Structure formats: C-alpha cells, structure tokens
Amino acid sequence: MSTAAKTRIVGASVPRKEGVDKLVGRAVYVDDIERDGMWHGTTVRSTIPRGRIKSITYDPGIDWSEFAIVTAADVPGKNHIQLIVADQPCLAEAQVNHCDEPIVLLAHPDKHKLREAVGAVHIDYEPLSAVLSIEESERQEIMVLGESNIIKEFTLENGNVDEAWVQAAHIVEGEYRTGAQEHLYIETNGMIAEWSAAEGLTVWGSLQCPFYVHKTLKSVFDLPDEKVRVIQTETGGAFGGKEDYPSTLAAHAGLLAMKSGHPVKMVYDRMEDLAATTKRHPSRVRHRTALDKDGRLLAMEIDLATDGGAYSTLSATVLSRATLHSCGPYVCPNIRVRARAWATNMVPYGAFRGFGAPQAIFAMERHMDEIAATIGMDPVELRRRNFLHQGDQNATEQLMREPVILNQLLDRALAESDYYSRRERFARENATGHVKRGLGIAAFYHGSGFTGSGELYLNSLAGVEVTKDNKVRVMVSNTEFGQGTNTILTQIAAETLGLAFSDVEMAPPDTAVIPNSGPTVASRTSMVVGRLIERASLQLLEMLCNDGGPGAPATREQFFAACNRYRDAHGEVRSLCRYEAPPGIYWDDKTYHGEAYGAYAWAIYVAQVAVDTRDYSAEVEEFWTVQEVGRVLHPVLAKGQIEGGVAQGIGYALYEKVVCQDGRMANNQMTNYIMPTAQDVPPIHVIFEEIPFKYGAYGAKGIGELPHDGPAPAILNAIRDATGVSFKSIPLLPEDIFAVLATRELAEEPAIR
Amino acid sequence: MSESWPAITMQVNGENRTVRVPPMKRLLDVLREDLHLTGAKEGCGEGECGSCSVRMDGELVNSCLVPALQAEGAEIQTVEGLASNGVLHPLQESFLACGGAQCGICTPGMLMAAAQLIERNPHPSMEEIREGLAGNLCRCTGFMRIFESVLEAATQTGKSQAEQAHHAR
C-alpha cells in the first residue's frame with residue numbers, strides 16, 4: 001500500500017491545475033460563451049405557494065411571434081426531474097406547489113426584451129391552502145405531498161432507550177433549530193443548450209454532476225444515451241447548490257432550444273437564483289438524554305425534523321446523513337433517532353455542503369453544553385468522558401476499526417487556543433467590560449463518501465488514458481468548482497505513474513468523453529475517486545509491463561514509448577477501474593445498522609466570540625480547527641477547504657437569514673442576504689493530524705464538508721460562555737441577542753458562568 | 001442599429017477602443033459583450049459582490065454600476081491587462097502559490113482590488129488588506145488564502161524593490 005511511502009507530488013502544494021486560466025481571466029464560465037445565432041431564455045414563475053392553474057394568457061401588446069414559448073405541453077418525454085423520486089415537474093402543468101415554480105419558458109434573440117415579456121404572461125390561479133413550516137406540515141391537516149406529508153422517515157435504534165431513563169442520574173432535554181442557508185456561489189446558475197434532430201441535445205453549464213443532468217435530459221426529451229451530451233463549463237462555486245438544480249435548468253434551456261431552433265442561453269440573475277433555487281434544509285431537533293452520575297451517556301432520544309419543501313428532490317438522502325450524524329462522536333448504549341423530512345409549499349430544499357450533518361451536529365453539540373451546564377461539569381470533560389475510541393461501536397453499531405484520536409485532537413485544540421487560561425482571563429474581564437468574551441467547543445465527525453451501500457450502487461468507473469501526443473488524461477465525471485478536483489486527481493495519477501504533474505491533464509468534463517465516476521458530492525472525490533485513479537494508474541503500469549515486459553517503465557521516455565507500443569498493438573491506451581468496497585463493509589438499509597461510512601474525518605473546533613452588550617453584536621474573534629482527515633494530499637488546497645467551510649459556518653451561525661413572506665424569499669439580494677466579508681472573518685487556525693486511511697487515495701479521507709459542521713455550535717457555545725445565555729437557534733442575529741439580553745438586563749440578573 | 005448611438009472612446013488595457021452603445025449601457029456589458037473581455041464577472045448586478053471590479057482612471061469601480069458614458073475618455077484596466085507580455089503580475093503569482101483562487105469567479109475582481117490596494121499602499125497591514133478587499137466577496141476561501149496572497153505579493157514586491165535599490169548602488 002502506498003500510504004506510508006514517500007511521495008514526490010502527492011502531499012506537495014503544486015499550483016492549481018487550472019489556476020493560471022482563472023488568474024488571467026481566460027477561464028471560460030457559461031456566461032462567457034456565445035454560440036452562433038444564440039437566443040436568450042427566461043422563466044415565468046408562480047407567484048403563489050400553492051394553487052391550481054386556471055389559465056395562461058399572453059398580453060396582446062407583445063409580438064409573441066418573435067418569441068419561442070414553452071409550456072409543459074411541449075415536453076416530449078416525461079415532465080419530471082429525475083432524482084430519487086420523480087415527483088418534481090420540469091414545468092408545472094395543472095398545479096403549482098411553491099412560489100417561483102417554473103410554468104412558462106420564453107426565448108428571444110434580444111435578452112433585453114425578456115423582462116417585459118415575462119410581465120406580459122398572465123397566469124390565473126385558484127389558490128389552495130399552503131403549508132409553510134414543519135409544524136404546519138406535521139399537523140397533517142392539509143396534505144401537500146402524498147398521504148402523510150412525510151417525504152422520508154428513518155428510525156435508528158440501538159439498545160433499549162425506554163428502560164434507560166429509570167437508571168439515569170440526570171435527564172436533559174433541549175430543542176434546537178437551524179434556518180435555511182443560501183449557497184451564494186458568486187456565479188449564478190447558468191446553462192446553454194443546442195438541439196438538432198441529428199445530433200440530439202447538447203448542454204454547456206455550471207454544474208457539479210454531469211450524469212445527473214444527463215439522466216434528466218434523457219427522460220425529459222425521451223432520448224437515448226448517445227443523443228444527450230452534457231459539458232461542464234468552468235463553475236464559479238457550487239457547495240451542493242449545483243448538484244440537483246442544473247438538471248432543471250438544462251431541461252428548460254433544452255426545451256427552448258428545441259422550440260426555437262436556436263442555441264439558447266439561460267443565466268439567472270441574482271434575485272432569480274436566490275428566490276428559485278435550492279437552499280439548506282431548515283431543521284428542528286429535539287434531544288432527550290440520560291446520563292449517569294459521572295456524566296456518561298446512558299441514552300439518547302432524538303427527534304429530528306427537516307423542511308423538505310414542495311418536492312422530494314434530495315431530502316431523503318439529506319435526512320439520512322442528518323440521522324447518521326445526530327448522535328455525535330460519542331459512545332452511548334441506548335439510542336433512538338426518529339427522523340422525518342416534511343413536505344411544505346416552500347421552494348424545494350437541496351444539497352448544501354454537509355448535507356444534513358451541520359443541522360444534526362448543531363443540535364448535538366449545543367446540547368452537550370446544555371448537559372454540561374445542567375450537571376455542573378466542564379463541557380470539555382463531558383465530551384472527553386464520552387468520546388468514541390478505536391474498537392468502540394457508534395450508533396449504527398459500526399465498529400471503529402481505524403484509529404480514533406479525538407483525545408489527541410482535543411488536547412491540541414485546547415493547547416493551540418490556550419483554552420483554559422483564556423477562559424479564566426475572559427471571566428475576569430467580562431465582570432466589568434461591556435464586551436463579553438467566551439470560548440466554545442464542538443467535537444464531531446463527518447462520514448466520507450456516500451452513505452451505507454451508496455458507493456456500491458454508484459458503481460463508479462474512472463481511470464486514465466494516454467494520448468498520441470504523450471499526455472496522460474484523467475477520465476472522471478468529477479468536476480472542478482474550486483475545491484481542487486483537477487489538481488488532486490492529477491497529482492495522484494502523476495505520482496502513481498512516476499510522471500511529472502505537467503504530463504497529466506484532465507479529460508474534458510463532457511459526458512461524450514468521460515466514464516461515470518459518480519457525482520461530485522459527499523466528500524468522495526479525493527478518497528473514493530482518487531483511489532480509483534490510483535488503482536487505474538497501477539493497472540496501466542501492469543498492462544504496459546505485461547505487454548512489453550520485462551519490468552515497469554523506469555523513465556518518462558520509457559513510459560511513453562511503452563504506451564506507443566501498446567497503442568500500436570491494442571488501438572488505445574486506457575485503464576479504467578470500478579469501485580470496490582473496503583473489505584468487511586456491511587450495511588442494512590432497513591434497520592439502519594452496519595457500516596454507515598467507509599471512513600470518518602474527525603475534528604475539534606474552538607471559537608472565540610465577543611458579544612458587545614451595547615449593540616448586541618456577536619463577533620467571532622479567532623477560530624481554531626484541529627482535524628484528522630487522513631493524509632493531506634495538498635496542504636494549501638486542504639487549508640483552503642477548511643477556512644472556506646469555517647467562513648460559511650460563521651455565516652450560517654451569525655449572518656445568513658433567509659426571510660420568507662408567504663412562502664417567498666423576501667431578501668433575495670446580496671444587499672440584504674448577508675454573508676461574511678473580508679472584515680468579518682477572523683483569523684482561522686488550521687491544524688491537521690494525519691492518519692493515512694488505507695482504502696483512500698494515498699491515505700486520503702473526505703475533507704470538503706467537515707468544516708461546515710462545527711462552527712455554528714462552537715460559536716453559540718462560546719456565546720453561552722460569554723453571556724450565560726443559551727441560544728438554541730440559528731441564524732442568531734443581533735436582534736435575537738437583544739431580545740434576550742435586554743430583558744435580562746432589566747431584571748438585573750448577573751451573568752452565570 | 002448601433003451606428004445611431006454616439007461613439008464612446010476609452011483606453012482599455014492600454015489600447016484605444018471605441019464603441020457605439022446606448023450611453024446607459026453598463027460598463028460591465030460593454031467590456032464583456034462589445035469588447036469581448038469576459039474576465040470581469042457579474043455576481044449580483046448591484047455593486048455588492050465586487051466580481052465586476054475594474055480600475056477606471058486609477059480608482060476601483062464596480063463596472064456593473066458605471067454607465068458607458070461615464071467611461072468616455074477614461075483609462076480602464078481589467079484583469080486581462082494585469083499580466084504584461086505573458087509575465088504574470090506578482091499578485092497573480094502569489095494567488096497561484098498561496099491558493100488565493102478557488103472557483104475563480106471572484107478572482108478577477110479580487111485581483112483588481114488587491115492591485116489597487118498595493119499600488120496605493122505597497123506594504124499594507126492585515127487590517128488594511130481586510131479593508132481594501134471588503135467590497136469583494138469570496139464564498140470559497142474564507143479570505144485567509146487571499147490575505148496571504150496579498151501579503152506575499154507585497155513582500156515579494158518589497159524584496160524586488162530592495163534588490164533593485166541594492167543593484168542601483
């Protein structure tokens with residue numbers, strides 16, 4: 001196994017593969033592309049959350065003959081987006097189930113004519129009662145999806161929770177809530193489609209998962225595999241927000257291209273992107289926890305609810321990951337988690353970095369501090385007493401086969417943040433100052449790759465090929481959108497083949513060229529797909545060796561000479577590998593028991609927060625992250641992942657509020673949906689402890705989502721430490737702090753520490 | 001049709017360019033559509049994100065808020081004009097080395113803001129860097145790698161200036 005071996009390129013911070021293109025303005029994003037004869041498309045959307053469509057009329061003041069007009073009646077195949085369940089129409093036909101649901105598509109050669117035209121399409125509705133919150137949905141008085149409003153339900157049980165309560169020295173309950181969060185990729189969703197009867201449909205766009213889009217287009221247009229081609233353009237941020245939505249937009253652009261006979265570009269402006277596309281699922285998590293007199297966990301009962309929005313989309317899998325991360329990195333003999341995703345008439349919620357884990361971990365880690373306060377124990381010590389160790393079993397009875405070094409991570413985090421002496425100093429200073437400072441901790445894991453048997457179902461195929469002009473090409477459907485896919489996979493191939501970084505290129509992200517190595521999600525690219533590239537590269541060396549003998553090529557020249565001989569004999573030089581699960585993996589989808597993830601990344605985060613009791617602002621002043629993500633393949637990219645995730649987590653906790661009025665996002669502008677700026681993000685310290693994982697590429701585990709899991713609970717725990725007030729809901733804005741602190745000041749209660 | 005609009009002439013990346021466009025057309029659209037300089041990006045269209053930042057007569061502007069008419073006679077620098085004769089600008093080098101660009105969509109604007117900053121203030125403090133880049137949103141990096149890139153470029157520029165001074169002696 002290569003994990004322990006010294007490496008030349010893996011582990012080095014080589015320049016980002018497409019870096020120069022991005023730095024000189026040469027990288028081509030979808031809106032930078034013009035096609036000959038290209039028209040522009042737009043969308044007419046619902047203005048109510050739920051209702052029957054009575055009529056669609058077109059204002060005679062517009063010359064509609066200049067426009068291509070598409071409705072559901074123009075869909076040649078199935079009018080559904082193909083995800084887990086095909087319940088979301090590509091275009092609403094008889095009924096709308098959320099605001100900003102697409103109903104009519106328009107295209108015109110002049111994009112400036114579109115705005116007026118959208119306003120000239122009149123849709124009459126018969127309004128129906130709408131459900132706009134988890135609570136309204138679970139009342140089940142108005143059914144908006146299926147028989148029960150439940151999109152998906154999981155129960156995870158271990159031991160016997162009901163018998164545990166009587167043995168408990170302490171029982172602690174709490175309810176925690178998280179809000180929706182917008183991805184706010186700086187590049188909005190965009191797509192160009194071109195149609196011809198002979199070639200079929202080709203789309204270019206900003207997207208994460210080419211084969212997800214491919215699957216939907218085949219179905220919507222009723223076309224065979226080879227008549228649909230999906231090409232990813234340079235993608236300006238995604239964070240999960242371009243996992244499922246691009247399938248809808250690609251179908252829309254395709255329908256307009258087919259109807260108009262022209263290439264059609266659709267690029268959302270910021271307001272449309274914010275109002276109409278997916279966000280992180282809002283959640284409500286209730287904990288009831290039994291502990292013995294020493295603070296050891298005896299039982300956890302967790303009720304987890306998410307708002308899934310109007311259609312199923314990815315809510316089932318988001319809920320699954322939330323369920324599997326809801327119990328934290330702790331040993332507990334008796335567990336019952338009941339998790340439900342509820343349908344509402346909100347815009348469907350979707351994938352966002354962490355995929356349910358940040359919601360579940362916010363509740364668990366906030367709850368740990370509530371437990372600590374209730375039983376009078378140091379929150380650090382409470383966590384330490386309950387940590388998972390190697391050889392333990394977690395909530396799904398997965399045996400922790402690999403080393404678990406939570407204590408080591410915790411010690412490092414305490415030392416780096418100078419935790420105890422800072423807390424002591426803050427306690428002293430807080431007594432007299434207007435600014436109250438505190439420190440908060442979060443301990444957590446994040447499962448790498450698809451859940452349970454997911455990676456086996458994906459059955460990913462990936463590899464390398466060698467071109468006639470002596471370039472190795474990495475063949476994957478995993479895309480680059482900033483996280484470093486191109487660079488990491490190139491490093492792995494170059495390392496394994498004994499070549500230079502510059503000898504290896506990425507094959508174009510084009511479904512006509514690449515195999516399906518699965519979606520670019522779930523922190524799976526480095527660990528799972530990287531491993532396929534490592535295996536395929538080793539297999540290529542073996543192929544060359546067997547073919548030309550007597551040994552593996554020793555130099556670059558010998559390698560390419562051997563490739564040329566192989567090509568002469570076999571036509572092409574290509575080595576692909578399929579996913580193979582690590583040995584001993586067992587997962588039962590029915591009972592939710594077994595190996596939930598092939599590997600876990602582990603972390604301890606510490607936040608220092610200052611709360612100003614004059615203006616009720618909370619500011620993160622410093623942030624420490626200590627994590628074990630397997631081997632770090634590229635230190636600069638890895639740091640960038642952690643820092644970027646922490647910044648998004650800070651926004652999630654303290655800034656980013658999706659304000660909804662009657663089911664519609666009211667603050668759908670960057671002016672009033674606020675993300676952290678260069679002046680808001682504190683110094684972020686990034687520390688890696690490396691334990692190579694032998695089934696990941698060169699020892700890698702997943703990294704991308706982990707850093708979004710910990711900041712929110714760490715920050716709110718710090719605010720509790722600073723003010724003595726337990727806030728249980730995010731986003732936590734100054735007005736929320738004011739509402740509690742101002743009342744408390746009136747009562748003249750001293751801060752409790 | 002475009003002949004009916006008055007000519008607007010500006011110097012873009014050192015070259016005189018004349019366009020005939022509606023006078024209120026956004027400078028961003030003139031650059032992208034008429035001059036085919038697609039480096040500057042639209043992120044919000046309302047001056048919040050800074051992805052469309054370019055330099056106009058030595059000032060950093062959001063080109064989505066500048067009408068073409070206002071650019072008449074102005075000197076405009078876009079990201080395409082940052083490297084000279086194929087040699088990367090020190091900021092481009094440092095962004096490459098320090099991981100200052102991830103998805104790359106904010107990068108052209110961020111580079112222009114950073115260029116403006118270090119031209120005015122060759123040795124900015126961390127506070128000055130934060131302030132100088134506060135109008136440019138990056139959703140990927142959490143800004144740390146960008147701050148490091150700017151510091152690195154400032155240090156390198158300082159070094160090369162010191163070397164030049166040394167050689168001059």
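1. **What you are looking at.** This is a predicted model, in which local features need pLDDT of at least 70 and side-chain atom pairs count only at pLDDT 80 or more, while totals for chains, interfaces and linings use all residues. Residues are numbered from 1 along each chain as its sequence is written, and chains are lettered from A and ligands numbered from 1 in the order in which they are written.

2. **Chain A as a whole.** Chain A holds 20 helices and 28 strands; helices (H or I, at least four residues) and strands (E, at least two) are DSSP runs, numbered from the N terminus. Its C-alpha trace spans about 80 × 75 × 50 Å along the principal axes. The radius of gyration of chain A is 27 Å, which agrees with the value near 27 Å for a compact globule of 753 residues. That radius is taken over C-alpha atoms, and the globule rule is 2.2 Å times the number of residues to the power 0.38.

3. **Burial and contacts in chain A.** Of the 753 residues in chain A, 58% are buried. A residue counts as buried if 20 or more other C-beta atoms lie within 10 Å of its own, exposed if 12 or fewer, and partly exposed in between, with C-beta atoms placed from the backbone. Among contacts in chain A with a separation of 6 or more, 81% join residues 24 or more positions apart.

4. **Domains of chain A.** Chain A is split into domain 1 (33–128 + 183–276), domain 2 (283–451 + 591–747) and domain 3 (460–578); the bounds come from an automatic or database domain assignment. Taken over C-alpha atoms, the centres of domain 1 and domain 2 of chain A are separated by 36 Å. Their contact takes 24 residues from domain 1 of chain A and 26 residues from domain 2 of chain A. On the domain 1 side, helix α7 (residues 270–276) of chain A gives the most, with 5 residues. By class, that side has 12 nonpolar, 6 polar and 6 charged residues. Ala, Val, Leu, Ile, Met, Phe, Trp, Tyr, Cys and Pro count as nonpolar, Asp, Glu, Lys and Arg as charged, and the others, Gly among them, as polar.

5. **Helix α10 of chain A.** In helix α10 (residues 379–386) of chain A, the buried residues are A:Pro379, A:Val380, A:Leu382, A:Arg383 and A:Asn386. Viewed down the axis of α10(A), they fall within an arc of 165°, so they line one face of the helix; the arc is that of the directions from the helix axis to the C-beta atoms. Their cover includes β14 (297–309), α9 (357–375), α11 (406–417) and β16 (435–448) of chain A.

6. **Helix α16 of chain A.** Helix α16 (residues 556–570) of chain A has 15 residues and reaches 21 Å from its first C-alpha to its last, close to the 21 Å expected at 1.5 Å a residue; the expected span is 1.5 Å times one less than the number of residues. A:Phe559, A:Ala562, A:Cys563 and A:Tyr566 are buried in α16(A). These buried residues fall within an arc of 105° seen down the axis of α16(A), so they line one face of the helix. They pack against β17 (461–466), α14 (485–497), α15 (525–548) and β20 (573–578) of chain A. On the other side of α16(A), A:Glu557 and A:Asp568 are exposed.

7. A:Asn564 is partly exposed, with 14 other C-beta atoms within 10 Å. After α16(A) comes A:Gly571, with a positive phi near 95°.

8. **Where chain A meets chain B.** This contact takes 41 residues from chain A and 40 residues from chain B. On the chain A side, α17(A) supplies the largest share, 8 residues. That side divides into 19 nonpolar, 13 polar and 9 charged residues.

9. **Chain B.** The domain assignment gives chain B domain 1 (2–81) and domain 2 (90–168), with C-alpha centres 23 Å apart. Here 13 residues of domain 1 of chain B are in contact with 11 residues of domain 2 of chain B. Strand β3 (residues 53–56) of chain B gives the most to the domain 1 side, with 3 residues.

Conventions: Two residues are in contact if their C-beta atoms, placed from the backbone, lie within 7 Å.
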